[in-house]
Amino acid sequence: MLHENTASSSNSRTDQLTGRAVRGRDFVAGGIMTAAILMFVGTAGSVLPDVIGRYYGAAVSPDNIAVTALLLNIALIIFGWRRYSALHREIAHHKSAEEQAKTLAVTDPLTGCLNRRAIGEATASLIAQAARRDMTVAYLMLDLDNFKNINDIQGHDAGDKVLVEVARRLKGTMPPNSHVARLGGDEFACTFIFDADFPETVQRVAEDLIEQVSKPIAGPASNGDAELTVTASIGVARADLCDNSLDVLMRRADIAMYASKKHGRNRYCWFDPRMESEVQFRNKIESGMRIGIGRGEFVPFYEQQIDLATGTLIGFEVLARWNSPELGQIAPDIFIPIAEDTGMIGDLSACVIRQAMEDARGWDQSLTISVNISPVQLRDPWLAQKIVKLLVETGFPASRLEIEITESCLFENMGLAQSIIGSLKNQGVRVALDDFGTGYSSLAHLRALPFDRIKIDRSFVTSMNESKESRAIVQTIAMLGASMGLPITAEGIEDGDLIAHLTEIGCAKGQGFHFGQPLSVEQTRRLLADRNLLGLGWAQQQTSAQDEPVIMTEPQLRAARGE
């Protein structure tokens, strides 16, 4: 529940006194007006005939002057009263507008809760009160889970209805002398005083809030049958552990709220100092990435892809690696999600793909490179054009490039995925369905999209020896690929004993640590040189105007190979 503070009560009392004063002035002015009229009526009978007679020719007399002064006074009183009434109405109008402006300045117009600015002032007041009472303040940051889906599917009217209802439930659940605010979008904040020795009080409030918010909400349909459901993630911080600093309190509650989302949503988390360390580390990673992409710190590494039947090297999968001068080696499972969250994944991917194309352009023409495309990148309608632009600028043949798309991407925008894949196929680029078996693909998707290959997720391949279910899944996918004429690649081969079985069930290509760790470009060149796959095109990139081959000395060849 929201309660007016002392300043608001004082303003209310001032308004009451002002109203009584205005009503008093109205009574006095009315009395003056009445007296003026009575005076006019009482004197008009004896004075007015004489005034009229003198008007038609009589000389000026003292009676004439007195009557004229009386009439002028009455006219002035009437004019003054009218002007006073007009000013009174104008003042009342301005006062009402000012009060409305003050209300809008501190409340959210949709829900009636406090706004972001007002909750800060209210929380600061609570902290001061709690310090005087030897208590502390809890600050709860609340964010609705997947609220965007309601706006996208049901419309913004439904979203507004959910926000209003959630606000009503929050106000009804919070203890007395508490405050509820809508910070913006689907974020709310709740704050109240509690005894520092009994933190379970806060936990009960957080649990009650989660329970109340998750109850179904009647939808905007006229028949009332549709129901909307949301859940909430809550972060909790307490003022006494923040040195009663309002800024620190609010920031820590925000950090704890994101930890709740990270750990599964529809729950609450107390702030822990380790959370702040993680946020600081993430910020360092993000800042380092923004600088590192421009510096070329992200480079391609190459994982071998082998023809399982012959053991021949037929290509590489391109993997992004980052060796930061300031932070050291950062694993891809750390920087890739951050790149996707911050929108840097497109620039990072383009940087790595460009370098891979330039590296592989002179290798043996039988070798291909496979590049994984992030789900975030597949939302870009210009993705195909960007890839083709890289092919043109680097001179890399489109027929030697394979784009890998994870099956989970297909459900976000099937139409856009079809357009991108179709454009790439028209340019001669091959497209593979990556991590098959972990998402929600169906045969309809495989028929609708012109894939050239299916890649079985490594989690199934690595566990084939221990799990009969994994072995059955791999065999089923291989049979599916054979029936549809799609070659199969098995990822995650770490045990050489699996190769014979994978070949037997129809897996044409494989990759994994059994064939070696991902290699830097220098290591890859040495490997290709040993297998005579470095390619004449790479060794003879520099030719004369008459296209005569450049004769390279043995030291030059070793340097070119990275030896």
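Valine 318 is buried, at 8% relative accessibility; here buried means under 20% relative accessible area, exposed over 50%, and partly exposed in between, with a 1.4 Å probe and protein chains only. This is a predicted model, in which local features need pLDDT of at least 70 and side-chain atom pairs count only at pLDDT 80 or more, while totals for chains, interfaces and linings use all residues. Residues are numbered from 1 along each chain as its sequence is written, and side-chain values use heavy atoms, with hydrogens and water left out.

Let us stay with valine 318 for a moment. This residue lies in strand β9 (residues 312-324); helices (H or I, at least four residues) and strands (E, at least two) are DSSP runs, numbered from the N terminus. Setting aside neighbours within four places in sequence, valine 318 is in contact with Pro300, Phe301, Tyr302, Val352, Ala356, Ile369, Ser370 and Val371, where contact means heavy atoms within 4.5 Å. Valine 318 and proline 518 are 200 residues apart in sequence, yet their C-alpha atoms are 8.8 Å apart in space.

Now to the salt bridges, of which the structure holds 26. A salt bridge is a side-chain nitrogen of Lys or Arg within 4 Å of a carboxyl oxygen of Asp or Glu. Here are some of them:

| Arginine 274 | Aspartate 272 | 3.1 Å |

Arginine 453 is buried at 12% relative accessible area, and glutamate 402 is buried at 4%. Salt bridges that share partners also join Asp143, Asp145, Lys261 and Arg265 into one network.

The other two pairs in the table have these accessibilities. Arginine 274 is exposed at 61% relative accessible area, whereas aspartate 272 is partly exposed at 24%. Lysine 386 is partly exposed, at 47%.

Back in β14, both faces are covered: Arg453 and Lys455 on one side, and Ile454 and Ile456 on the other, are all buried. Strand β13 (residues 430-436) pairs with β14 in the parallel sense over three bridges; two strands pair if DSSP finds at least two bridges between them. In that pairing, alanine 432 stands opposite arginine 453. β14 also pairs with strand β15 (residues 488-490), again in the parallel sense over three bridges, and isoleucine 488 in β15 is the bridge partner of isoleucine 454.
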